[in-house]
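Please examine the sequence and the model together before reading on.

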Amino acid sequence: MPDDKDQIPKPDEEQPEEKKYSFLQETIKPKPISRQQLVRQLVRIAIYGVILGAFACLGFFALKPWVQDIFRGNLETVTIPEDEDPAEDDSQETSDTDGAEETSESGQSVTADSYEQMMASMNERAAEAEKGIVSVEAATDQTDWDAEMTGIGRSVTGIITADNGQELLILADSSICEDVSEWNVVFGDGKSCSASLKMRDLNTGLAMFSVPRGNIADSTWDTVKVSVLGNSNLVKQGDVVMALGNMFGYPGGMSYGIISSTGYKTTFYDGDCDVMTTDIVSESEGTGVLFNMDGEVIGLISPSVWKDSGTNIVNAYAVSDLKAVIEIMANGESVPYIGIYGTTVTTELQEDQGMPAGVYVVDVDPDSPAMEAGIQSGDIICQVGDEKVSSIVTYQSAVLETKTGRQILIRGMRLGADGYVEVRFTVTVGSKETKTK
């Protein structure tokens, strides 16, 4: 057996040369893209982009109402600002009048050019005021052939009263609610949106409609605004006014005139309202809005004002006397109702007839909380709840501060054999309204 040492090579012995291997390295170059292939790829990418964009747009418009409904703004309480102190406005008006007199004393005469400039200025104010009104129309009835032929459907003028963050609130005459269950609101730019009845008060003849903000086109928002309810208590005989709306039997009417009288009233159950008369001619069933020259709403033109008078003159409810009712309706609440026609017991009647101070009950609505509680014609109401009553104004205010469905104590005086004696009535406050479900 050979020794292992013999197998170990010696250092000085030559070793066989180690074989070296090299690998072939190649670079694979992409085949050049032809111009046709490049064009096809670009066209393919463009088509994919258009398809993706179309699906994105469809998805956006499909989900927009749902997203707006989920993430709509907070519902805000509507507050109608109170009228300012007439004394302050009178002082300002005096200074303005003095300035006008100084201008007139300058000796400038009225020319055709100055008249045109004056009318152009008034038209600008009217155009700005028109942004705050709309037309409330009954949904088209295919059997209404007159409307189909003339293009003039059944409609009333609406006032953009408030924006509560979720919906635009429209005040209108409640006559449009008769035998109608669907409505459209047409804005100044001609765009139409479906509207729902938020509240209707049969006592004052007012209705409040709502249009969801998400249903109003972005372009329409540039053409509308919330109307400012002015102070009708400051309106005087001879003031220049603008009448806008459906006074002539069709939407979009406009006329100028003056206040011919402010000395009249009309009576509702549980209150009354000043009436402003003008020299503007209107259609018998016309509706509209009276604006002062500052573009503020001062009156609501309604066919129910002196309906049986036989005249076709614009008469309007003074808006200041309706602000409390408007605020209640705008917040979706029922307008409190007891159901008496009353008048203030004047100082003369107290002295001459020995009548107590308060509100004399002229008549009672047969189907009313007042009748159910036992209030009669001839009674004098002196207190409603905790509020003392000295006039029809204080009585109306006390009623409107109550809540429907609530029981209140009404104190009064009734004439008996030995003179007036105290009577008390427990009244459950009701309402005369139609509310959306």
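Is E128 buried, partly exposed or exposed? With a relative accessible area of 36%, E128 is partly exposed; here buried means under 20% relative accessible area, exposed over 50%, and partly exposed in between (1.4 Å probe, protein chains only).

The model is predicted: local features need pLDDT of at least 70, side-chain atom pairs count only at pLDDT 80 or more, and totals for chains, interfaces and linings use all residues. Residues are numbered from 1 along each chain as its sequence is written, and side-chain values use heavy atoms, with hydrogens and water left out.

## Salt bridges

Side chains of opposite charge can pair when their charged atoms come close. A salt bridge is defined as a side-chain nitrogen of Lys or Arg within 4 Å of a carboxyl oxygen of Asp or Glu. Across the whole structure, 12 salt bridges are found. The table lists some of them.

| Pair | N to O distance |
|---|---|
| E128 and K131 | 3.3 Å |
| D239 and K236 | 3.7 Å |
| E333 and K403 | 3.3 Å |

K131, the partner of E128, is partly exposed at 30% relative accessibility. In the pair of D239 and K236, D239 has a relative accessible area of 23% and is partly exposed, while K236 is partly exposed at 37%.

Helices (H or I, at least four residues) and strands (E, at least two) are DSSP runs, numbered from the N terminus. E333 is partly exposed at 35% relative accessibility, and K403 is partly exposed at 47%.

## The loop residue S334

S334 also belongs to the loop between α6 and β13. At 17% relative accessibility, S334 counts as buried. Its side chain meets that of E433 in a polar contact of 3.2 Å; such a contact is a pair of N or O atoms within 3.5 Å, where within protein one must be able to donate a hydrogen and the other to accept it, and residues adjacent in sequence count only if both atoms are side-chain atoms. Not counting residues up to four places away in sequence, S334 touches M199, I328, T404, S431 and E433, contact meaning heavy atoms within 4.5 Å.

Strands of a sheet pair through backbone hydrogen bonds, either parallel or antiparallel. In this model, 6 strands close into a barrel in the order β7-β8-β9-β12-β11-β10, with antiparallel pairing; two strands pair if DSSP finds at least two bridges between them. On average, neighbouring strands of this sheet are turned by 40° against each other, direction ignored. Strands β8 (residues 253-268) and β9 (residues 271-281) pair in the antiparallel sense over 7 bridges. Y264 has V275 in β9 as its bridge partner.

Helix α3 lies across β7 (240-246), β8 and β10 (287-291), running at about 45° to β7; axes are lines fitted to C-alpha atoms, for helices over the stretch in contact, and angles run from 0 to 180 degrees between N-to-C directions. N123 is found in helix α3 (residues 112-130) and is partly exposed at 34% relative accessibility. Leaving aside neighbours within four places in sequence, N123 is in contact with M254 and Y256. The C-alpha atoms of N123 and Y256 are separated by 9.8 Å, although the two residues are 133 residues apart along the chain.
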